[in-house]
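Good morning, and thank you for the time.

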Amino acid sequence: MRIVVKVGTSTLAHSTGRLNIRHTEDLVKVLSDLKNAGHEVILVSSGAIGMGVGKLSLPTRPGDMATKQACAAVGQCELMYTYDRLFTAYNHNVAQILLTGVDVEHEGRRLNFQNTLTRLLELGALPIINENDTVATDEITSIGDNDTLAAIVTCCIHADLLVLLSDIDGLYTANPHTHPDAKLIPVVERITPEVLALADGAGSALGTGGMSTKLRAAQMVTAEGADMVIANGSHPELLYDIADGRPAGTRFAGRKEG
């Protein structure tokens, strides 16, 4: 299978912004194992700004754009150094791709991205993709969040499956943080207005995503025929079950129209 895995800041980093070493190492081990089993894996990784906050010892995530960009520049170096070191230990090469909204909207640049990504997979590399936060600062150049970026990548490369690893187990009948009786929804066959109404608002203090961005991602990829799963990033071993089609998190069933 061709699998896109998106990992959020809340999985990669502690609330301080510093790297969560155990979670990151566990994720790399599972992704390496999936590649060893013959799957093609693409990683869409959040965490650059959050890790930059920690690396620069800032007390909180900054509010101004210039400092966010500075944190992204510092944090992206740290992020790729960490991935390169960990994946190399399992004999896998990684490649960095940084994108902006213009890159995926402009036909020529989008084709260049698709060709590069396809060739990297043919060469056995594991592409690691993030938004280019140092230059994508407005609604024209910014994709906005990595759930959307992961969905765009999934559609561009015609992947079979998108997995969004987050700090929640999946889609619930209500917000599980405020409604202890909320039930996990294992499968969503069609994204109806009732399903969209279940979206929550904010993500973690370090991240930008919420359930609404994940449901928008699900709408994009399922319309192209790919499945999407939301699962808890604290348990990357769930990726084994997800890749094999076994129940884990919430699976949104892909559908082809016509």
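Let me begin with helix 4, which covers residues 65-88, where Tyr83 and Phe87 sit 4 residues apart and are therefore separated by about one helical turn. Please keep in mind that this is a predicted model. For those new to helices, an α-helix has 3.6 residues a turn, so residues three or four places apart point the same way.

How many aromatic pairs are there? The count is 1 aromatic pair. That pair is formed by Tyr83 and Phe87, with ring centres 6.2 Å apart and planes at 35° to each other, and it is classed as tilted. Tyr83 and Phe87 are both buried.

I turn now to helix 6. This helix runs over residues 107-122, and its 16 residues, at 1.5 Å a residue, should span 22 Å; the C-alpha atoms at its ends are 22 Å apart, so expectation and model agree. Which residues of helix 6 are buried? They are Phe113, Leu117, Leu120 and Leu121. Viewed down the helix axis, the buried residues of helix 6 fall within an arc of 100°, and therefore they line one face of the helix. Glu107 and Glu122, on the other side of helix 6, are exposed.

What do the buried residues of helix 6 pack against? Their partners are strand 1 (2-7), strand 2 (40-45), strand 3 (94-99), strand 4 (126-131) and helix 7 (146-156). Just after helix 6 comes Gly124, which has a positive phi of about 85°.

The next topic is cysteine. A disulfide is a covalent bond between the sulfur atoms of two cysteines. A search of the whole structure for such bonds returns 0 disulfides. Cys77, for example, takes part in none, and the nearest cysteine sulfur, belonging to Cys71, lies 12 Å away. Is Cys77 buried or exposed? With a relative accessibility of 57%, Cys77 counts as exposed.

Cys155 has a relative accessible area of 16%, and so it is buried.

Finally, I come to charged residues. Side chains of opposite charge can pair when their charged atoms come close. Across the whole structure, the search finds 9 salt bridges. One of them joins Asp227 to Arg251, whose closest N and O atoms are 3.0 Å apart. This pair links distant parts of the chain, since Asp227 belongs to strand 7 (residues 227-232) and Arg251 to strand 8 (residues 250-252), 24 residues apart. Arg251 is buried, at a relative accessible area of 16%, whereas Asp227 is partly exposed, at 22% relative accessibility.

Arg246 deserves a separate word. Arg246 forms a salt bridge with Asp241, the closest N and O atoms being 2.7 Å apart, and also one with Asp244, where that distance is 3.2 Å. Arg246 has a relative accessibility of 40% and thus counts as partly exposed.

Which residues are linked in a network of salt bridges? Lys6, Asp147 and Lys214 are linked in this way. Thank you for your attention.

Conventions. Residues are numbered from 1 along each chain as its sequence is written. This is a predicted model: local features need pLDDT of at least 70, side-chain atom pairs count only at pLDDT 80 or more; totals for chains, interfaces and linings use all residues. Side-chain values use heavy atoms; hydrogens and water are left out. Rings of Phe, Tyr and Trp (its six-membered ring) pair if their centres lie within 6.5 Å; planes under 30 degrees apart count as stacked, over 60 as edge-to-face and the rest as tilted. Helices (H or I, at least four residues) and strands (E, at least two) are DSSP runs, numbered from the N terminus. Buried means under 20% relative accessible area, exposed over 50%, partly exposed in between (1.4 Å probe, protein chains only). The expected span of a helix is 1.5 Å times one less than its number of residues. The arc is that of the directions from the helix axis to the C-beta atoms. Contact means heavy atoms within 4.5 Å. A disulfide is a pair of cysteine sulfur atoms within 2.5 Å. A salt bridge is a side-chain nitrogen of Lys or Arg within 4 Å of a carboxyl oxygen of Asp or Glu.
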